[in-house]
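Open the structure in your viewer and keep the selection tool at hand. We will go from stop to stop, picking side chains as we go.

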Amino acid sequence: MPSNVMERYAALLAEAQGAGARQEAAGGIRIQIGSATCENAAGAGEVCDEFERHIRASGRTDIQIHRTGCTGRCSCEPIVGVFMPGQMPVKYQLVDRQKAHRIFASHVLEGTPVRDLILDADAGGIHKYEFFFCGAERCGRLLKRNFGEIFRDKLARTDVDPSTIGVVFTNCFGLCSDDQVGTATHVLVRPGKIIYRVTTEADLDEIIESHIRHDRPVDRLRISDHPVNQGFFDLYGDVSFFNLQTRLALRNSGVIDPESLQEYLACKGFLALARVLDRGDRLAVIDEITRSRLRGRGGGGYPTGMKWQLGHDAPGDVKYIICNADEGDPGAFMDRSMLEGDPFSVIEGMMIGGYAIGARQGFFYVRAEYPLAVRRIENAIRLLRGAGLLGENILGSDFSFDLDIRLGAGAFVCGEETALIRSIEGKRGQPRIRPPYPTQQGLFKKPTVINNVETFANIPVILQYGASWFHQIGTPDSGGTKVFALAGKVRHTGLVEVPMGSTLREIVFDIGGGVARNRQIKAVQTGGPAGGCIPAEQLDTPVDFDTLGRLGSIMGSGGMIVMDQDDCMVDIAKYFLTFTENESCGKCTPCREGTKRMLEILERITRGQGTPEDVPRLERLAKLVKKASLCGLGRAAPNPVLSTLRYYRQEYEAHVVEKRCPALRCVALVHYEISPEKCVGCTVCARNCPVTCISGQRRQPHVIDQLRCVKCGRCFEVCRFEAVARK
Amino acid sequence: MTAIARTDNRQEVLAAARAELPVDIVAFIEDCRRQEHPESNLIAVLHRVQEHFGYLACEKLDAVAQLMNIPAAKVAGVATFYHYFRMQPRGKLMINVCMGTACYVKGAEKVVDRIREELGIDFGQTTTDGVFSLNSALCLGTCGLAPVVMINDEVHGKVTPDQVPALLEKAMLKARQSMEEA
Ligand SMILES: Cc1cc2nc3c(=O)[nH]c(=O)nc-3n(C[C@H](O)[C@H](O)[C@H](O)COP(=O)(O)O)c2cc1C
Ligand code: SF4
Ligand code: SF4
Ligand code: SF4
Ligand code: FES
């Protein structure tokens with residue numbers, strides 16, 4: 001049979017590219033605004049309205065608004081990009097109505113960027129050309145000197161105005177295919193998305209002479225590959241928060257319009273699926289995924305290829321594939337961002353998985369708290385059915401597949417696979433003993449493969465660029481990247497995607513910009529309520545499933561919370577136990593009762609009522625719950641306790657022995673004092689104290705009545721003379 | 001034969017159940033019942049009922065049980081298992097304080113304390129005048145703005161305890177305005 005799959009795919013692609021080309025040919029100005037939950041929360045909707053109003057008022061028809069997903073730069077949202085034909089894209093941060101007005105008036109209408117609003121303004125002004133040199137370890141590994149540095153030196157020796165050219169070292173674009181590794185460096189030039197492969201210094205000279213001085217790209221050095229990160233770096237490569245990342249799972253988030261199938265197709269969307277269907281070899285797909293060493297991103301880290309093989313081998317005609325989008329870790333939001341920013345990638349990965357194991361039906365299990373993600377998936381499913389990419393005989397092959405969405409209803413335990421299956425079946429989401437594993441007996445008692453959102457998002461990339469390319473990006477046991485939700489006391493919060501094996505220090509300091517307000521970093525919490533706290537001394541640990549496990553934490557789904565000296569480790573353990581105690585489904589005793597008792601002990605300790613025996617008692621209980629619980633929730637619930645006990649036992653002891661909270665966080669163990677030397681008697685504290693327990697004459701030192709003080713800390717916050725001390 | 005027919009009140013029960021629910025939900029249930037594994041849509045149905053009425057009243061659960069042909073005890077079991085479902089009516093203004101990790105680390109607890117103090121209610125409760133309900137949420141996905149408080153659909157980021165009274169005041173004014181308009 002002649003391959004009609006690729007022909008059909010080519011037709012779809014041609015149509016999508018045609019639409020894109022028409023848009024580009026129109027040569028208009030594009031204003032890009034994110035539209036994920038977090039951006040909308042930060043006011044993106046309002047900003048969008050403002051731009052629309054301005055466009056209407058200006059009467060221009062060549063200005064378009066392009067709504068994309070989220071880039072994951074939470075602390076600077078809403079981010080607005082302005083694209084003028086032939087000019088460098090400019091992105092603005094923290095845009096509100098007024099700033100939108102300035103941007104429109106100055107940049108869009110008059111062509112003068114508003115410098116003080118530019119995202120990470122200190123990253124340098126606006127250049128005529130920007131050269132992004134791949135700074136990853138593989139590209140150029142065998143070269144003596146980095147081409148980017150040589151380029152910079154050469155440039156300095158010419159008469160080119162250095163302020164017009166940007167030279168940036170970024171992380172891997174994903175171009176390091178086998179034959180070139182080591183001896184070539186790749187360079188992305190913008191505007192224009194041109195990619196050069198540089199192998200000699202003469203190449204650099206030619207680029208300077210031709211491209212920079214005469215605005216003529218050097219065709220000889222151009223390569224036609226479209227590396228996975230091209231679109232992303234072209235938009236965001238100038239920002240250090242972004243250019244040290246390697247975006248595979250998030251490659252399209254913030255780049256394309258998540259509601260447009262055409263845009264997804266135009267970035268090679270569904271190419272992987274088409275090739276898979278064209279080849280028609282299920283086992284080859286599974287083999288490729290196995291060799292990529294992709295491990296499940298939902299927390300467990302089970303090798304995806306192996307899981308698919310089990311699903312494939314399980315007997316039966318009816319099988320299911322499920323995407324786990326329950327994302328319950330109370331500090332993680334990467335799955336949401338992926339579904340809101342690039343739902344098609346996840347669906348494509350799921351379809352490939354469905355094909356590989358022999359499923360005709362897939363389910364999305366999504367948290368009810370993610371209405372926008374649900375709407376975007378619904379929209380994507382509708383468009384795909386319309387285009388013949390879901391339904392019977394997809395792309396003319398013998399593969400038929402459809403998708404359905406099921407909503408969760410706010411139960412963390414439903415992220416656990418057996419509980420999730422019950423929840424889809426419409427029951428109480430309680431886990432059951434495994435085996436039988438879902439691949440043997442899952443949804444409606446049929447063989448079922450469950451994977452995480454991020455796992456699926458990686459599948460199309462692996463099949464497009466090859467298993468060996470993918471596993472090179474990670475560590476020997478674990479290929480590819482991991483997305484982390486970086487938050488807490490870090491300067492730049494947001495989504496960070498880095499190769500497996502990157503160190504915590506790279507993530508927190510190089511990308512995250514270090515600890516906010518110049519405080520000392522104390523620990524990094526990974527893995528959410530199932531994870532642990534990793535002390536600052538271990539920051540150079542490469543992050544992957546096994547190393548974090550050895551440190552007593554877990555990778556988990558990718559929550560990463562940075563803590564500073566003001567965070568009390570006992571309090572953090574208590575926080576997570578409050579969570580797990582509340583979420584325990586109650587089916588098995590060790591978890592149901594154990595979490596409750598552990599929480600009671602922790603509450604006692606933080607209230608200052610703990611005894612020295614409480615610490616070993618807590619430890620014993622934690623070990624027992626870990627061993628005896630039925631499902632992963634109970635088995636991991638003690639981790640926050642055990643890891644803090646392991647590294648910060650002295651803090652527990654300070655609480656129970658000295659009745660002191662070293663971080664001054666536990667309310668019951670601190671008190672407030674006014675220093676008579678510093679107090680000027682301004683009366684502000686006295687007027688703000690809710691229980692009026694501060695007395696003193698105007699211009700005289702004030703005094704706190706410790707017996708009546710409720711330790712609300714208001715006086716500490718309002719005193720402008722630093723006269724109130726927390727002790 | 002006739003005696004049996006007379007004791008069978010199935011049709012009346014179903015009619016009564018249908019009368020409890022809006023037509024679109026009844027239609028949705030009927031649609032589900034035509035599919036494979038109809039009971040797997042129970043949670044979806046409960047979502048719709050709660051969205052329509054604001055909470056899941058006992059009569060509504062019974063009606064769902066009848067129409068979906070699932071034992072009422074099972075329906076109640078599911079409804080009470082999931083945190084998202086409410087069995088009590090909620091206030092006009094729903095305050096959701098994020099108690100996710102990022103917000104907690106950035107001092108969400110102090111904000112909650114202040115709200116408790118101002119309104120005199122705890123999580124899961126509604127003020128006696130039926131205006132405010134207080135709930136905790138786990139990560140609203142806007143950790144960059146932590147600590148975050150949501151009042152109905154409006155997200156307020158970087159909230160300090162001292163902003164709480166003004167925030168509540170403003171929400172109240174807005175609610176009153178929209179009520180007067182309506
Ligand atoms: C309590 C608990 C909660 C979980 N929550 C999630 C979740 O929110 N998302 C997820 O993908 N996996 C979650 N998992 C892991 C799943 O059980 C399952 O291992 C995973 O979805 C498999 O996908 P993967 O192989 O792609 O990682 C959770 C596990 C436990 C024990
Ligand atoms: S470990 Fe906890 S959540 Fe898991 S089955 Fe037991 S009680 Fe339920
Ligand atoms: S606010 Fe500070 S300076 Fe003023 S009275 Fe109170 S302690 Fe003294
Ligand atoms: S901590 Fe609160 S109660 Fe105590 S003195 Fe200060 S303001 Fe008053
Ligand atoms: S922890 Fe509050 S928004 Fe994420």
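Select B:Arg114. This residue is buried, at 10% relative accessible area. Buried means under 20% relative accessible area, exposed means over 50%, and partly exposed lies in between (1.4 Å probe, protein chains only). A salt bridge here is a side-chain nitrogen of Lys or Arg within 4 Å of a carboxyl oxygen of Asp or Glu. Both residues sit in helix H8 of chain B, 4 residues apart, about one turn of the helix. Helices are DSSP runs of H or I with at least four residues, strands are runs of E with at least two, and both are numbered from the N terminus.

A word on what you are looking at. This is a predicted model, in which local features need pLDDT of at least 70 and side-chain atom pairs count only at pLDDT 80 or more, while totals for chains, interfaces and linings use all residues. Residues are numbered from 1 along each chain as its sequence is written, chains are lettered from A and ligands numbered from 1 in the order in which they are written, and side-chain values use heavy atoms, without hydrogens and water.

Next, select B:Glu117 and A:Arg714. Their closest N and O atoms are 3.9 Å apart, in a salt bridge. B:Glu117 lies in helix H8 (residues 108–119) of chain B and A:Arg714 in helix H27 (residues 714–718) of chain A, so this pair joins two chains. B:Glu117 is partly exposed at 48%. A:Arg714 is buried at 9%.

Move to A:Glu259 and A:Arg376. They form a salt bridge with the closest N and O atoms 2.8 Å apart. The pair links distant parts of the chain, 117 residues apart: A:Glu259 is in the loop between helices H8 (240–243) and H9 (261–266) of chain A, and A:Arg376 is in helix H15 (residues 371–386) of chain A. Which is buried and which partly exposed, A:Arg376 or A:Glu259? A:Arg376 is buried, at 4%. A:Glu259 is partly exposed, at 41%.

Zoom out. Over all chains, the structure has 59 salt bridges.
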